[in-house]
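Biologist: I would like to learn how to read this structure. Please take me through it one feature at a time.

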Amino acid sequence: MDINFDMTRPLPQTQPWSEKFWEGTRQRKLLVQHCRKCDANIFYPRKFCPECWSAELDWIEASGKARVYMFSTAYDMVEPKFAEDLPYTIAYVDLEEGIRLMTRIVECEPEDIHIDMEVEVVFHELNENFHLPYFKPVKK
Amino acid sequence: MSRGKIAIVGIGEVPTRIMPERTRWDILYDVCMQAVNDSGLGKNDIEAVINVSPQAQPELAAELSFGKLPEVLGFKGCRDTCICNAGGASTSNCIRLAEQYIASGAARSVLIPHATVHSTIAVEDLINFFAQAGVDMQWEYPFGTTYNILMGMMANRYMHETGARAEDMASVVTALRSWAAKDPNSFFYQKKVPTTEMVMASSLLNTPLHKRESNVLCDGGSAMVIVSAADARKMNKPAAYKLGESVRYFSGTPILRDFHKVAEGLSLTGVEAMAEAGVTKEEIDLWNIYMAYSMNHPIMAEALGVAPRGEGARYFAEGRMSFGGDIPWSTIGDAPGRGHTGSGVSTAMYVETARQLMGKAGERQVKDCRYVYQNTAGGSGFNNIGTVWGRSV
């Protein structure tokens, strides 16, 4: 069977109000959108605050520390464009700033990953414009 | 409020198979004609057609959107047609629309059909569609997530909170396939039911999901005819009456879907739908549960109070939800048992709800089936719609 898989690595499809987040990752900073009016930390970034509809939105720099909320390690049946990375672990992590991100857990064996594990951000360069925030275990 | 306003009076279905030679319009002819004939109405009595939108099949979706089906079937009395897409919750919304058509006088009898043929879609297009549908293209997709991974994460969290064992989780597929093996419309009809050991021995796709727990993409279709409850009673034939409904929206982006809020929503929709129907959970004869993935069934069993907290997976492992068990559950085997037909799994489950209440389910017939609880959910789980159906008002 002749199958023409798209092997292009997908880049984040941004909105004008999320550009600052990606700009931050280029500087090795994990930025969280913050509402100056209602004090909410917001993820994912919006044009208006989803809590109070304020346009007074700003950014704070997160500590980069988080805990694994849930995860799954992939061994097979991912898109061909991601197959070279197998096995890899996708996780939701809870930042100290009270928001939850999807990420990958890296720099450890999959069997060592567990819920509530303490992790910290590292940045994975997709290209010069995009660095994905991955997380690695905190070394005690 | 839904109580006692409409009823399903006719059903049609073709076997779920991998049959590229059977075209989408082949299926639509068959299921529509079956459903209309089963209702006892004539083709020209159908006054509206509300199509369940077929996923990943843009040409058919366009044809149905622009009104082709009533013309093809020769519905001379048809006043209007439309299409509805809410992923796996499409059928529930088609039924709601039918209720409005009927209540407003726009139509007295409404046909709701669905057809899907996955087997003629290019593999790369199928993979591409299911990789991106329901996943955020900025905050999720670039990390390499999949539906399997999303469901695996939920299952891992459930196992962490309840102490459920991987063997117990794997037993859900055994339960679902035990029903499917008795269902002539299932892809797995008369096929060996995998034991828990067989499921566990199959390759690990992503933790804790094994190959035998994943879905097989298939071709299939089904349809139903809906009239007012008053008209159904006059027809003096078996029917399935809609008695109650409740819904909760969770999130469009999976990352914003909190595990506990989802579990709470699954519970609330059940409580509210049964309250509207005026029935208790002890009166429900069949839990016709649509989760698309086996591993989420224990979460639903606990949310509905069918199993005590933390014991949902064990209930499946004990065979209580299997064919012959004491808790009739997903009697077409949900998507893992039926074969996955996109949004069509939920259509097939409504058809099964009606089939059971009409007493037409053959070997799978739940004894003296009076009340069925059925849910659907859209996308990767953006909502949950709980409904209660009865064989009388």
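Biologist: Which domains does the assignment give for chain A?

Modeller: Domain bounds come from an automatic or database domain assignment. For chain A, that assignment gives domain 1 (15-61) and domain 2 (63-140). Keep in mind that this is a predicted model, where local features need pLDDT of at least 70, side-chain atom pairs count only at pLDDT 80 or more, and totals for chains, interfaces and linings use all residues. Residues are numbered from 1 along each chain as its sequence is written, while chains are lettered from A and ligands numbered from 1 in the order in which they are written.

Biologist: How many residues does the contact take from domain 1 and from domain 2 of chain A?

Modeller: Two residues are in contact if their C-beta atoms, placed from the backbone, lie within 7 Å. Here 8 residues come from domain 1 of chain A and 12 residues from domain 2 of chain A. On the domain 1 side, helix α1 (residues 19-26) of chain A gives the most, with 3 residues. Helices (H or I, at least four residues) and strands (E, at least two) are DSSP runs, numbered from the N terminus.

Biologist: What is the strand order of the open sheet in chain A?

Modeller: Two strands pair if DSSP finds at least two bridges between them. The sheet has 3 strands in the order β2-β1-β3 (chain A), with antiparallel pairing. Its edge strands, each pairing on one side only, are β2 (41-42) and β3 (57-61) of chain A. Strand β1 (residues 31-35) of chain A pairs with β3(A) over 5 bridges. Within β3(A), W59(A) is the bridge partner of Q33(A).

Biologist: Which elements of chain A give two or more residues to the side that touches chain B?

Modeller: The contact between the chains takes 33 residues from chain A and 29 residues from chain B. On the chain A side, the elements giving two or more residues are β4 (65-74), β5 (88-95) and β6 (100-105) of chain A.

Biologist: And in chain B, what is the strand order of the open sheet of 9 strands?

Modeller: The order is β3-β2-β4-β7-β1-β8-β11-β10-β9 (chain B), and the pairing is mixed. At the edges are β3 (80-84) and β9 (286-288) of chain B. Strands β1 (residues 6-17) and β8 (residues 240-249) of chain B run antiparallel and are joined by 2 bridges.

Biologist: Which strands does helix α1 of chain B lie across?

Modeller: Axes are lines fitted to C-alpha atoms, for helices over the stretch in contact, and angles run from 0 to 180 degrees between N-to-C directions. Helix α1 (residues 24-39) of chain B lies across β1, β4 (109-116) and β7 (219-228) of chain B, at about 145° to β1(B).
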